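Subject: The predicted model, and what turned up in it

Hi,

Here is the model I promised to pass on. Could you open it first and then read the notes below with it on your screen?

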Amino acid sequence: MQTAPYGSWSSPISASDLVASAHPVSGGRYVGDQVWWTEQRPAEAGRQSVRRFGADGQPEDVLPPPWNARTRVHEYGGASWTATPDGSLLFTEFTDQRLYRLVPGTGEPEPLTPAGPVPAGLRYAEPQLSADGTEVWCIRESHQPDGSIRRDVCAVPLDGSAADDPSRVRSVVSGSHFLTNARVSPDGSKLAWIAWEHPQMPWDGTELRVAELTPDGTCGPWRTLIGSTTESVLQPEWADNDSLFAISDRSGWWNLYRVPLTGDADPQPLCPCSEDFAGALWQLGMRWYAPLGDGRLLTVRTFGEDRLAVLDPATGELSEIELGGLSTVALNGVGDGRALLTCGGAQAGTGLRALDLATGEITDLRLSNDRLPPAAYLPQARSMTFSGPGGRDVHTFVYPPSNPDFQAPDGELPPYVAFVHGGPTSRVSPLVNLAIAYLTSRGIGVVDVNYGGSTAYGRVYRDRLRGQWGIVDVEDTVAAVRGLVEAGMADGNRLAIEGGSAGGWTVLSALTGTKVFACGVSYFGVADLVKFAQDTHDYESRYLDGLIGPLPEALPLYQSRAPLSKVDQLSCPVLLLQGLDDPVVPPSQSEMFRDALVAKGIPHAYLAYAGESHGFRRAETQINATESALSFYGQVLGFEPPGVPVLKLWRAAEDSLV
């Protein structure tokens, strides 16, 4: 074992390894006797393919390039395809957002829906076949020339007649600005769905609605079963023709309930507990439980780390399923005593796995990375809770430096980078993350922070951020790194902070509001709240009402909280990374902060990537961003990472890149 300063260790994990064999996998489902799934292809400009196993047992495309099964509903997308019993693929194509049908091996996909009134103006998500197999029902998002947006549940005929005739697409129900999870009752007589309005986000307040289906295939008058502006209800599934299962946080935790259709009966909790059976609905089609067809439910619940169990609604009994080293689980398809899971752990690669419900055996099908480094170079995740202001808990996962070939000189403490997740209503959990291993294998520790406002710890923890964005998230991140320093695990003079989107906001807020960090890296971070509220997309256009306050009443808060308003308090270097096609956090946010850094004379770098949106998808972009961040940390924190191109920083003394 060699002795070398932290940060200078040689590592077998290169930036290209993060993407060279990576192909994020999700959304598995059974199609006949086959398994199909969604797979992102970084080497193919980040397109999303639908794949299956071929006759030779190797993965093959159902949807060949350049086709891209990716919906832009809510901009974050989600469920974008389904399949017919005869193996036809129904999918939303990213470029024009039309719905297409592809019979594998027979030629090009054929459009099922018309072009929109503006480019990509009619968008479709959550496709599902009608009971008679003649239509596909979707969530439709209609963008109009005047900038207005309407959403509804619609029915699209599978015979292609609507491709040139918009009138052939039938609107089933609307009546709210947002809706999701349309579910037809077993007897075909009713429709249930989730609805909500601005300024609520789906984790703030939603309604479970139900209506009779009329002979013409549309909904009659609807009524609300449960939910309000302060109760979040998610994922309804029919228990029988007279009741539904649904998730509600009315107890302070997202728990499962049985909801009768009769208005005089209260929802009955199936298994009350202080754990969350759901998470933030950022993408349409997310599932946290699945009916098994025998009355039981396959469930995922969490308090930081996920647990999988079968729930018997009749008794409330949970039968735990041993996950081994898997700590993060997403439910996919279910069928014939099997279930498909997208799951992983700190030492087990994320990917698609099959669960045998009878034996509990879990089998790897398709992992998201073909070539993971040896386990010795992957850090162990330590669940650590620190004390924040007022003694409040701050939940984190800590990844100390780990490399079997190196040790640090006696007495040296490692630099640490605080990773701040996006959302901000989201969470992190222990997973093989090569972006983390890239740093820890070089002698740089990482603390992944679930600051107040994160999901997975109940409604009270989630609501800590209401009106406090830019305060609680910063305080909790500072508490985490200070806790590491007090525990003798980190060098207090070599602390950095990194985050993307909402996490980028926390980065910039921490750098302009505290003196704890030596530097920071912001991936497409929010810098100016007023500009963000004006420019961002519809789904998040009122998100700030809850995080900061409604406009115009809260305008002084928007101005005082914005990192752009506090650049005069900044004294440390910053790296800004931005996609030029980002509709969520437009480039103007990073550019305004860059201009302020120049005016203040602060060393920095601004890297803008053409063709990238919200979250980098191209392999070359991810490699450049990863290496640039490491070089940046080395220059500021005082170590020389071997084999990494030197990032040129702008410095006022030279008034140029040097």
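Residues are numbered from 1 along each chain as its sequence is written, and side-chain values use heavy atoms, with hydrogens and water left out.

Aromatic rings

There are 24 aromatic pairs in the structure. Rings of Phe, Tyr and Trp (its six-membered ring) pair if their centres lie within 6.5 Å; planes under 30 degrees apart are stacked, over 60 edge-to-face, and the rest tilted. Tyr76 and Tyr539 form an edge-to-face pair, because their ring centres are 6.4 Å apart and their planes stand at 70°. Tyr76 sits in the loop between strand 5 (59-61) and strand 6 (81-83), and Tyr539 in the loop between helix 6 (529-535) and helix 7 (543-547), so this pair ties together parts 463 residues apart in sequence. Helices (H or I, at least four residues) and strands (E, at least two) are DSSP runs, numbered from the N terminus. Tyr539, at 1% relative accessibility, counts as buried.

Another pair is Tyr457 and Tyr461: with centres 5.0 Å apart and planes at 55°, the pair is tilted. Both Tyr457 and Tyr461 are buried. One aromatic cluster is made up of Tyr76, Phe178, Trp196, Trp203, Trp282, Tyr539 and Tyr543.

Strands in the order 2-3-4-5 make an open sheet with antiparallel pairing (two strands pair if DSSP finds at least two bridges between them). Strand 2 and strand 5 are the edge strands, each pairing on one side only. On average, neighbouring strands here are turned by 35° against each other, direction ignored; axes are lines fitted to C-alpha atoms, for helices over the stretch in contact, and angles run from 0 to 180 degrees between N-to-C directions.

Seven of the eight residues of strand 3 (residues 34-41) are buried, so the rest of the structure largely encloses this strand. Five bridges pair strand 3 with strand 2 (residues 25-31); Val31 faces Gln34, and Ser26 has Thr38 as its bridge partner. Two residues separate these strands in their hairpin, and Gly32 in the turn has a positive phi of about 60°. Strand 3 is joined to strand 4 (residues 47-53) by six bridges, with Arg41 opposite Arg47. That hairpin has five residues between its strands, and Ala45 takes a positive phi near 60°.

A second open sheet to look at has four strands in the order 26-27-28-29, paired antiparallel. Strand 26 (328-335) and strand 29 (362-367) are at the edges with a single partner strand each, so one side of each has no neighbour in the sheet. The twist from one strand to the next averages 25°. Strand 27 (residues 338-344) and strand 28 (residues 351-356) share six bridges, and Leu340 stands opposite Ala354.

Gly351 lies in strand 28 and, at 0% relative accessibility, counts as buried. Beyond its neighbours within four places in sequence, Gly351 is in contact (heavy atoms within 4.5 Å) with Leu341, Thr342, Cys343, Arg366, Leu367 and Ser368.

Helix 9

Helix 9 (residues 587-600) has 14 residues and should span 20 Å at 1.5 Å a residue, which agrees with its end C-alpha atoms being 20 Å apart; the expected span is 1.5 Å times one less than the number of residues. Its buried residues include Pro587, Phe593 and Leu597. The buried residues of helix 9 pack against helix 5 (502-513), helix 6, strand 37 (574-579), strand 38 (604-609) and strand 39 (650-651). Just after the helix, Gly601 takes a positive phi of about 75°.

Enjoy looking around!

Best wishes

Key:
This is a predicted model: local features need pLDDT of at least 70, side-chain atom pairs count only at pLDDT 80 or more; totals for chains, interfaces and linings use all residues. Buried means under 20% relative accessible area, exposed over 50%, partly exposed in between (1.4 Å probe, protein chains only).
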